2 protein chains.
Amino acid sequence: MMINEITGEECREVLARGSIGRLGCSLDNQPYVVPICFAYQLDYFYVFSTFGQKIEWMRANPKVCVQVDEIVNQSQWVSVIANGTYEELREPQYLVESTHARQLLEKRHRWWLNALAERRARGNDLLIDPLFFRIHTDSVTGLRALAEGEGAGAPQR
Amino acid sequence: MMINEITGEECREVLARGSIGRLGCSLDNQPYVVPICFAYQLDYFYVFSTFGQKIEWMRANPKVCVQVDEIVNQSQWVSVIANGTYEELREPQYLVESTHARQLLEKRHRWWLNALAERRARGNDLLIDPLFFRIHTDSVTGLRALAEGEGAGAPQR
């Protein structure tokens, strides 16, 4: 197995195909990692959420990291890491962007909106409000592992 | 779909079954997330690595977060988040622990050692030294999503 860096363009292709990633945020140098469902378009990850620890932390520190991978098996995979900046799509200021986010995400993640609806229907959590945010990709790097073939280096993370 | 918290014991069962997770570390409040292969035993994640950014950052700030999940489909999954502390298993001080880590990991991740061997054989990176570390689990939380059934709350991250 050889591990090689991939180009920025290849990284963006992986992100555009992806729908599940891991979001890292941090506060007072304590990191926090959670799975997210996203839609990626033109340097932005669009994400639907409800209020919780990750939102609280990203409001305090908008520097985030998103990791997305495609794993075929242990010796054939690609992993992309995007460093980015959190932007909450509050209405009415971000009405256009949040409408866009909703449309993008509804195509892929209707189940998630259903889950929200069910939580609301239970009526035991009155603080559930849908919330959209996006993450601007400031830089991106990626590695690809191949079982065979030529490798030009051995980058390490 | 309902999302419910799981107990600490259930979280540890997920970790013990797991072998791939996402490790979050941070430096100067910039988070960084990478996939890791691990073996979990008695409150410790054991990990094999080579030197790189994550090692550099964890040496500077040992507070880390490991996220592990089992995803059946979009409405049936479990996700565990462990906050922990980085400990590098340097020899000779940690000889017993690093030998233990090597044995645990070799059972599951021989491919990874093979990859290291191949990188060495190429001879274009003389700085590749195997390195073992472990992460002590300081606290753990988990969520489980179920397509049907009773849910007792709606925790949010």
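**Close-up views of chain A**

**View 1. Strand 4 against strand 7 in chain A.** S49(A) faces L131(A), a residue of strand 7 of chain A. The model is predicted. Six bridges link strand 4 (residues 44-49) of chain A with strand 7 of chain A, and the pairing is antiparallel.

**View 2. Strand 1 against strand 7 in chain A.** Strand 1 (residues 2-6) of chain A runs antiparallel to strand 7 (residues 131-146) of chain A. Five bridges hold the pair. M2(A) has L146(A) of strand 7 as its bridge partner.

**View 3. Strand 6 against strand 7 in chain A.** Strand 6 (residues 76-88) of chain A is joined to strand 7 of chain A by 12 bridges. These two strands are antiparallel as well. Opposite G84(A) stands T137(A) of strand 7.

**View 4. The buried side of helix 1 in chain A.** Helix 1 (residues 8-17) of chain A buries C11(A), V14(A) and L15(A). Why do these residues count as one side of helix 1 of chain A? They span an arc of only 100° around the axis, so they lie on the same side of the helix. In an α-helix there are 3.6 residues a turn, so residues three or four places apart point the same way.

**View 5. The cover over helix 1 in chain A.**

**View 6. The exposed side of helix 1 in chain A.** E9(A), A16(A) and R17(A) are exposed on the other side of helix 1 of chain A.

Definitions and conventions: Residues numbered from 1 in each chain as written. Chains lettered and ligands numbered in written order. Predicted model: local features only at pLDDT ≥ 70, side-chain atom pairs only at ≥ 80, totals over all residues. Pairing = 2+ DSSP bridges. Helix = DSSP H or I, 4+ residues; strand = E, 2+ residues; numbered from the N terminus. Buried ≥ 20, exposed ≤ 12 C-beta atoms within 10 Å, placed from the backbone. Arc of directions from axis to C-beta.
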